[in-house]
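Take a look at the model below.

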Amino acid sequence: MFRIDFNKLRFLVCDDNPHMRRILRTLLHSFGAREVYEAEDGATALEMYSHYVPDIVITDWAMPIFDGLELAQMIRQPESKGNPYAPIIMLTGHSEKRRVTVARDAGVTEFLAKPISAKGLYQRILNVVANPRPFIKTKTYFGPDRRRNTSSAYMGPERRVGEKHEVLQQPSLLDKARSSI
Amino acid sequence: MAKNSPRDIEVKAFATHQLITQPNPLRKVLRRVGEKDMDDPVGRAEQALAGLSGEFKDWMAVEAGRLAAAYAAVQTDGFTREARDELFRAAHDIKGDAATFGYPSAAVIAESLCRVIEHAPDLARVPSELFSHHVNAIQAIVHENTKLDSLSVSSELSRRLRSVADDYLAHVNRDRPEHLEAILAPSIVPGE
């Protein structure tokens with residue numbers, strides 16, 4: 001059995017509603033977190049993200065001007081100087097399939113529908129800490145692998161080609177990173 | 001702590017995508033404990049949340065007041081972009097928060113109001129009673145939901161309002177299949 005040392009984790013919480021921020025802060029502190037930074041809009045959250053380099057981002061979706069979806073898209077910039085890999089947990093009242101798909105395609109790691117519960121939040125955090133997914137970069141997407149599992153019975157079109165035998169030799173991000181050091 | 005150095009990141013390039021893996025940067029915060037470990041962070045957090053509950057009534061009153069103000073702005077200015085967005089956000093916050101604050105029926109009504117705002121093809125042509133009944137019902141529940149016997153009333157009120165709103169949305173979206181699908185689709189996200 002595993003426990004999380006929350007006191008070693010740094011959180012960034014973004015929600016325009018002060019009541020929800022208070023609830024999130026209370027839950028995270030009760031879990032044992034000490035470092036919880038709060039932003040009331042996406043723009044402030046992005047600044048704090050660069051400044052504090054949080055381990056986990058928890059964001060609301062619906063916020064004025066710069067919402068949680070845009071925040072996720074800004075964080076998931078593979079060429080940015082910041083960390084594009086941080087887990088993003090989207091906590092939102094939106095729960096329709098279309099919305100979940102949009103959030104997933106913006107690079108959100110986990111989705112937690114309101115009303116919030118201590119158990120639900122804990123499980124999402126445990127999941128991103130214990131079971132991180134690899135990242136996928138395509139022409140149109142950069143973020144956690146959107147396939148959470150594989151099915152041998154899958155019958156639909158194969159949207160990823162070259163999985164095993166058509167590996168192209170091309171400079172990887174790692175090579176690029178090494179050459180720039 | 002969260003960021004690995006570029007050297008730790010492995011990239012496999014495929015024809016259509018790159019697969020990027022790295023050692024789990026958060027592995028150091030995972031600690032193995034014995035089965036007899038008595039620490040209960042979820043229970044502790046639930047207790048802390050219960051400790052906040054004395055403030056929930058006041059918080060809910062603030063949320064309901066914000067909704068009423070947003071609707072008053074709509075009545076004054078019409079459905080400008082700003083007024084529409086604020087009404088939606090106020091309802092959306094109640095949809096998300098009210099159950100936590102002990103007002104589940106208000107959450108159901110707020111969700112119904114959000115659906116009307118989101119899926120009605122022309123908000124200016126929605127019967128104003130549909131909005132006012134939603135807003136007034138939330139005010140009533142928040143300000144009178146102190147007795148157990150009012151719970152069944154608020155539950156029935158929320159159910160009927162949702163039913164009326166859904167009938168309206170189904171009618172006005174009969175030629176808009178993408179909206180109809182969204183209106184009829186159940187939530188797919190588990191709360192826990």
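## A helix pair in chain B

Helix α3 (residues 81-97) and helix α4 (residues 104-119), both of chain B, pack with their axes 7 Å apart, at an angle of about 150°. Angles over 145 degrees count as roughly antiparallel. That is why α3(B) is roughly antiparallel to α4(B). The two helices cross in a left-handed way. Note that this is a predicted model.

Which residues make the contact? From α3(B) come B:Arg84, B:Leu87, B:Phe88, B:Ala91, B:His92, B:Ile94 and B:Lys95. From α4(B) come B:Ala106, B:Ala107, B:Ala110, B:Glu111, B:Leu113, B:Cys114 and B:Ile117. Sorted by class, the residues of this contact between α3(B) and α4(B) are 10 nonpolar, one polar and three charged.

## Where the chains meet

Now turn to the two chains together. On chain A, 60 residues are in contact with 51 residues of chain B. Several elements of chain A give two or more residues to the side that touches chain B. Among the helices are α1 (18-31), α4 (97-105), α5 (118-130) and α6 (173-180) of chain A. Among the strands are β1 (2-4), β6 (110-113) and β7 (135-137) of chain A. By class, the side of chain A that touches chain B holds 31 nonpolar, 15 polar and 14 charged residues.

Strands also link the chains. β1(A) is joined by three bridges to strand β3 (residues 30-32) of chain B, and the two run antiparallel. A:Ile4 has B:Leu30 in β3(B) as its bridge partner.

## Helix against helix across the chains

α5(A) packs on helix α1 (residues 41-52) of chain B. Their axes are 9 Å apart, and the angle is about 140°. This angle is why α5(A) counts as oblique to α1(B). The crossing of α5(A) past α1(B) is right-handed.

What does each helix bring to the contact? α5(A) brings A:Ala118, A:Lys119 and A:Tyr122. α1(B) brings B:Pro41, B:Val42, B:Ala45, B:Glu46 and B:Leu49. In the contact of α5(A) with α1(B), six residues are nonpolar, none are polar and two are charged.

## A sheet built from both chains

One open sheet has four strands, in the order β8(A)-β7(A)-β2(B)-β1(B), and the pairing is antiparallel. At its edges stand β8 (142-144) of chain A and β1 (10-13) of chain B. Each has a single partner strand, so one side of each is left without a neighbour in the sheet. From one strand to the next, the twist averages 20°.

Look at the chain B part. Four bridges connect β1(B) with strand β2 (residues 18-21) of chain B, and these strands run antiparallel. B:Ala13 has B:Gln18 in β2(B) as its bridge partner.

## A parallel sheet in chain A

Chain A has an open sheet of five strands. Their order is β3-β2-β4-β5-β6, with parallel pairing. β3 (35-39) and β6 of chain A are the edge strands, and each pairs on one side only. On average, neighbouring strands of this sheet are turned by 20° against each other, direction ignored.

Inside this chain, strand β4 (residues 56-59) and strand β5 (residues 88-92) of chain A run parallel and are joined by three bridges. A:Ile58 stands opposite A:Ile89 in β5(A). Which strands does α5(A) lie across? α5(A) lies across β4, β5 and β6 of chain A, and runs at about 180° to β6(A).

How values were computed:
Residues are numbered from 1 along each chain as its sequence is written. Chains are lettered from A and ligands numbered from 1 in the order in which they are written. This is a predicted model: local features need pLDDT of at least 70, side-chain atom pairs count only at pLDDT 80 or more; totals for chains, interfaces and linings use all residues. Two residues are in contact if their C-beta atoms, placed from the backbone, lie within 7 Å. Ala, Val, Leu, Ile, Met, Phe, Trp, Tyr, Cys and Pro count as nonpolar, Asp, Glu, Lys and Arg as charged, and the others, Gly among them, as polar. Two strands pair if DSSP finds at least two bridges between them. Axes are lines fitted to C-alpha atoms, for helices over the stretch in contact, and angles run from 0 to 180 degrees between N-to-C directions. Angles under 35 degrees count as roughly parallel, over 145 as roughly antiparallel, 65 to 115 as roughly perpendicular and the rest as oblique. A crossing is left-handed if the near helix is turned anticlockwise from the far one by less than a right angle, and right-handed if clockwise.
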